[in-house]
Amino acid sequence: MARKWLALVACALAMAGAFPDAAAAQLLPDRVLVNASGRAGTDLSGPWNWSVDPYRDGVAGFHGEAPGRTHQRYADVDVDAETRKDPYALWELDMRRAPVTSLPSSWITHDATMRYYDGLVWYQRRFEAAPRPGERQFLHFGAVDYRASIYVNGALVGTHEGGFTPFALEVTGKLRAGENQITIGVDSERSNDTVPPTVTDWETYGGVIRPVRLVTTPATYVDDAWIRLTGAGRIRASMTLDGPSAAGRPVRVRIPALGLTLSGTADSQGRWTGEAAAPRALKRWSPESPTLYDVRFESGEDVLSDRIGFRTLEVRGTRILLNGKPIFLRGISLHEEELGKEPTRAITPAAARALLSEIKDGLHGNFVRLAHYPHSEVMTRMADELGLIVWSEVPVYWRVAFARPETLAVARRMLAENILRDRNRASIALWSVANETPVSEPRNAFLTTLVRDVRALDDSRLVTAALLTRRDEKNGRIEMVIDDPLVAQLDVMAINTYNGWYSGDRLEALPAIGWRSGATKPLILSEFGADAKAGFLDAGLRRKFSEEFQAEYYRQTLAMADSIPFLAGMSPWILKDFRSPRRQHPVYQQGWNRKGLISETGERKQAFGVLADYYSKRTPDSR
Ligand code: GCU
């Protein structure tokens, strides 16, 4: 499989004028199983037994040796039956009689004891399978936070690192006809070497946070499929087959509504790329008209269908162009956390629609920054449907171990998994490779590698990163200077700025703050914001954390934004209050970052109206 990807990357990188190193190939997922939820199979969501393992007893014995069988939570055993057969048998586990929870969900809501748990938890369930000759079976995971070890019928079938991207493991030949057992060991523990590192400003939702699916395919199947509209107005499609008869196999891509068919033959590696002029009737995707088409990727008996939109993106000077026309990104940032007092990061279509509609209909927005990690595919598909342009990001956040090759490898794999999952999402316009990372040589090299990987895997979108500025004060005039060396690598600059919240600037002084950049590129204000506790009204003093302060902060910051000639969009921090262990003000925060324009239960604060009013006055492309 890696060989095939190496070939694919080789051709893409050849096009980009750089040649891959063997190491690069190892960083690509063994398989993509793109659009896993659209394939034949069984969704394993629902009741699972779970068992907490704080001292990782199921991983190592008291002298660090391999755990004995009676400590192996993944053992393929009915403990109750065993002890009935042999009353002297000692099993210090019994997963079948362990507490039950519903997955996907984070363990922080399993019960009160788990609210702040960080460590290892085992999950197990049984499922029926009927493996047939000539078929293949895969277990697909939407995301497991942070490290996952997967066992089928007591045997390890694979591991994964990274809490926000999908992975798939082949289990062909490992399933029994009838009842099978799957066990997942989930370890949420992060360190300075992980991505992200231990300290962030969001809650760790440890656990199996997205669906697990048993997918069945023919022996040779369509593993990856990608289709896009090129800048030259051509429909370009690529497919990668996996299996014994992948080489030389006929392939076809059809868009019935447009009467368009592309066909060809896979090469010796099982891959194919073809293109044709876009039909005149093609309606391009945009926030105003988020047109999606049924697309069928076919090869042999395998048919993969998806709903896909077509649009072009480019940068011209300081403008971002969508379908050839300048667009101003009227956005907001968002963490992956559903509305409610006890979120568990289980994003259903209804939860995604509730959040994204508040942006589209409430704020009159056309853009959302999904921060700081890849959100669920449910969210990006909902953005496709509702018509919201998306910024997608990998959690290279704050103090990452930039000089450590293993950490870079994890980040590169994560980036590839994210891009390969969502390349067909018309809504996604920007891939972001980092957030607020301190400038240094190792950091610059680390991020340059990620930018190169993005360009190798996707030539149809824009690359960015959320950067920090230098603040200059001359003769009492404040100027924000964008001089991060990474800007040279990016298509779009993005800056997080908190003048007036983290700085002591008076709000009325904000509009006079100047902005300077050495590069002629579009700028997105990827973050600005102020905390407010919903319902804390303080018209007299207008103290920080009051709704009045937040509203005035927005008025003045937006006035400052209006003075930036190269501004192409914004995604203020943030739509909804979100959980953060760093935020412990006893009156105003209680474990929540309160920079939301709505509270955790959806109450709109005064500043919501300020931004909605500002966006309603902006026509799509007015600067
Ligand atoms: C930072 C950071 C966010 C954080 C925000 C804040 O800029 O990127 O993750 O939540 O500021 O301080 O509220």
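A residue is called buried when its relative accessible area is under 20%, exposed when that area is over 50%, and partly exposed in between, with a 1.4 Å probe and only the protein chains counted. By that rule Asn-323 is buried, because its relative accessible area is 19%.

The structure is a predicted model, in which local features need pLDDT of at least 70 and side-chain atom pairs count only at pLDDT 80 or more, while totals for chains, interfaces and linings use all residues. Residues are numbered from 1 along each chain as its sequence is written, and side-chain values use heavy atoms, with hydrogens and water left out.

Asn-323 sits in the loop between strand S22 (319-322) and strand S23 (325-327); helices (H or I, at least four residues) and strands (E, at least two) are DSSP runs numbered from the N terminus. Its phi is near 55 degrees, a positive value in a residue other than glycine. Asn-153 also has a positive phi, of about 50 degrees, and is not a glycine. Asn-153 lies in the loop between strand S8 (147-152) and strand S9 (155-161), and it counts as buried because its relative accessible area is 15%. Most residues other than glycine have a negative phi, and most peptide bonds are trans.

Two peptide bonds are cis. One runs from Leu-103 to Pro-104, with omega near 5 degrees, and Pro-104 is in the loop between strand S3 (100-103) and strand S4 (105-106). Another joins Ala-371 and His-372, where omega is about -20 degrees. His-372 belongs to the loop between strand S25 (367-370) and helix H5 (377-386).

The ligand has 14 residues around it, and Asp-201, Tyr-397, Glu-436, Tyr-502 and Glu-527 come nearest; a residue is near a molecule if one of its heavy atoms lies within 4 Å of it. By class, this shell has five nonpolar, four polar and five charged residues. Here Ala, Val, Leu, Ile, Met, Phe, Trp, Tyr, Cys and Pro count as nonpolar, Asp, Glu, Lys and Arg as charged, and the others, Gly among them, as polar. Polar side-chain atoms lie at 2.5 Å from a ligand oxygen atom for Asp-201, at 2.7 Å for Lys-595 and at 2.9 Å for Asn-593. Taken alone the ligand exposes 320 Å², of which the protein buries 97%; accessible areas come from the Shrake-Rupley method with a 1.4 Å probe, and for residues only the protein chains shown count as cover.

The interior comes next. A nonpolar core is a set of buried Ala, Val, Leu, Ile, Met, Phe, Trp, Tyr and Cys residues joined through side-chain atoms within 4.5 Å. The largest such core has 123 residues, of which Val-396, Trp-515 and Leu-525 touch the most other members. Helix H6 (residues 405-422) supplies the largest share of this core, eight residues. A second, separate core of 32 residues includes Ala-129, Val-171, Tyr-205 and Val-208. In soluble globular proteins, nonpolar side chains tend to be buried together.

Contact means heavy atoms within 4.5 Å. Leaving aside neighbours within four places in sequence, Trp-515 is in contact with residues including Glu-479, Met-480, Leu-525 and Phe-566. Val-195 is in the loop between strand S11 (178-187) and strand S12 (207-208), and it is buried because its relative accessible area is 0%. Val-195 and Ala-434 are 239 residues apart in sequence, yet 11 Å apart in space, C-alpha to C-alpha.

Leu-329 lies in strand S24 and counts as buried because its relative accessibility is 3%. Beyond its neighbours within four places in sequence, Leu-329 is in contact with residues including Ile-320, Leu-430, Ala-568 and Met-570. The C-alpha atoms of Leu-329 and Leu-258 are separated by 30 Å, and the two residues are 71 apart along the chain.

Strand S24 (329-334) is also a packing partner of the buried residues of helix H9, along with helix H4 (349-362), helix H8 (547-562) and strand S34 (567-570). H9 spans residues 606-616, and its buried residues are Ala-607, Phe-608, Val-610, Leu-611, Ala-612, Tyr-614 and Tyr-615. An α-helix has 3.6 residues a turn, so residues three or four places apart point the same way. In the segment after H9 lies Arg-618, which is buried because its relative accessibility is 10%. The side chain of Arg-618 makes a polar contact with the side chain of Tyr-614 (3.1 Å). A polar contact is a pair of N or O atoms within 3.5 Å; within protein, one must be able to donate a hydrogen and the other to accept it, and residues adjacent in sequence count only if both atoms are side-chain atoms.
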